[in-house]
Amino acid sequence: MSEHHIKLPEGSIEKTTTTLNLGPTHPATHGVFQNILELDGERIVSTEQTVGYIHRAFEKLAERRPLYQITTLTDRLNYCSSPINNMGWHLTCEKLLGVKTPKRVDYLRVLVMELARISDHLICNSIVGVDAGAYTGFLYVMQYRELIYEIYEEICGARLTTNMGRIGGFERNFSNTAFEKIEKFLREYPKVLKEFENLFERNRIFVDRTQGTGAISADRALNYGFTGPNLRAAGVDYDVRVHTPYSSYEDFQFNIPVGTTGDNYDRWLVRNQEMWQSLSIVEQAYQKIQEFKGAEAEVYHADAPEYYLPPKSDVYTKMEALIYHFKIVMGETEIPAGEVYQAVEGGNGELGFYLINDGGRTPYRLHFRRPCFIYYQAYEELTKGSMISDAIITMSSLNLIAGELDA
Amino acid sequence: MAITNEHIKQRLIEKFSDQVSGFEEPYGMLTFEAPKEINLKVLNYLYDDEELKFRFMTDLTAVHYPNQTGRELAVVYHLHNLADNVRIRFKVFTDISQPDVYTTTGLFSAANWMERETYDFFGVNFVGHPNLKRVLNVEEMDYFPLRKEFPLEDQTRIDKDDEMFGRG
């Protein structure tokens, strides 16, 4: 207000804004994307986002790949919770093909998906801590994310880009070691999460840094197409797991935590609460799986021989199994023409698969609804007028994953 | 009480009579199309109506059908009524030689980047968009890569027969 009235001394520099390139490779962006910030001192006047640095044309690639080969593409969307993406893709295929999965498969999937959600939120929340200057929490919980990755490893052999499961179920039953590891996780993790929570939840410095920054109202969040924890932090209780249950989520008891202000602190709290809820779902799923006895406990895939790869021991010894193996891998089995939209609750929100098949072996068109890409456009509105250091926390508390952003 | 697909269909026909067409329900999701000139009218109606309340844009993308002369590009909107938890799919078709479709950014802020992405890959020109430029691809690119005339593999290769690998 007063700037215009101040008479600057002769020869002094006029008031200007500074342009700052944040990224594409900056430690604080936690991924490859660029933000061009226009700054007035330390305040942000405007921002412009440039994305696409790791665009890999998945949608185009998918048009030349049979269904199974697309699972590996979904791994690389939100790589902090790839099993959710894998399951989401398989659910899409199952919807198109009309494959019905047995209850035990659903529960196994729920178990894995909730573990993935925990690891996703754990990264996000601890990174928010790092950007606020608290490195300890991050280093401490990484050790426990490792427990989750060990479970993945036991289930599918991979850790980060899991390529887990098949159309109709899993490639093999969970081993005893896998269940032991899940037990170990359920035993050890609550204590760690509680400690992690204590480090931040009522920490004066952390609360001061995050409360009231990067806030968005429920109306604006909905208009911007927010989903997942970011929308719930603004106070809207929309959760795909509850609204459009898939994989038997309706059999589980859990709450949807919501925030009120949609600021960085609420986003942190919502993710934190969701980890507790996920933990409870994992426990419930584990109990339900233990209830299957005898032959039922051996069920780990649907009876869908046209789409589910035969066991390797048969492929090596039986002619029919070998033929089917090739037919499925080459996409020679009949795939009905159709148009499917299937959404799952990913780590960041509604991860949607829009699949059009014209009867060919590969999708005619596959579109990923990537929650990250959709809510990142709100970044300018979220950060306008805030300090640059708050904008950094806003970026990490939105949980922007470059893989999902660019696809 | 949740609104049914049949009811939504009736409401749309009441309002737009024969301009809305192609009603289908693939896998339970009501799908319909309208001429591209009235896409905003339809979306506004779906948004403002006190009963329909389709106020959440889930997804916006396009599909290229090179064989449908005059309606090669389909712009597909996925809308969600969060209160009643109903989803619908709405399509408009456009000629590829003049792919002008009105922007929905006035209604949904979320449409901004989604339309930029659709422009980027299919070349749909969203009329009235505040910042219609490429979002994922490099700005110098002068073609729209998700159109079907751009095959994935090198077409000069003769060792790979299309009939054996992928779409023929």
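The model is predicted, so to speak of local features pLDDT must be at least 70, and side-chain atom pairs count only at pLDDT 80 or more, while totals for chains, interfaces and linings use all residues. Residues are numbered from 1 along each chain as its sequence is written, and chains are lettered from A and ligands numbered from 1 in the order in which they are written.

**The sheet in chain A**

- Three strands of chain A make an open, antiparallel sheet in the order 4-5-6; strands (E, at least two residues) and helices (H or I, at least four) are DSSP runs numbered from the N terminus, and two strands pair if DSSP finds at least two bridges between them.
- Strand 4 (338-345) and strand 6 (365-369) of chain A are at the edges with a single partner strand each, so one side of each has no neighbour in the sheet.
- On average, neighbouring strands here are turned by 10° against each other, direction ignored; axes are lines fitted to C-alpha atoms, for helices over the stretch in contact, and angles run from 0 to 180 degrees between N-to-C directions.
- Strand 5 (residues 350-357) of chain A is joined to strand 6 of chain A by five bridges, and Leu355(A) has Leu366(A) as its bridge partner in strand 6.

**The contact between the chains**

- Chain A gives 33 residues to the contact and chain B gives 28, where contact means C-beta atoms, placed from the backbone, within 7 Å.
- On the side of chain B that touches chain A, strand 3 (56-64) and helix 3 (111-122) of chain B each supply at least two residues.
- Strand 3 of chain B brings the largest share of that side, six residues.

Definitions and conventions. Contact = placed C-beta atoms within 7 Å.
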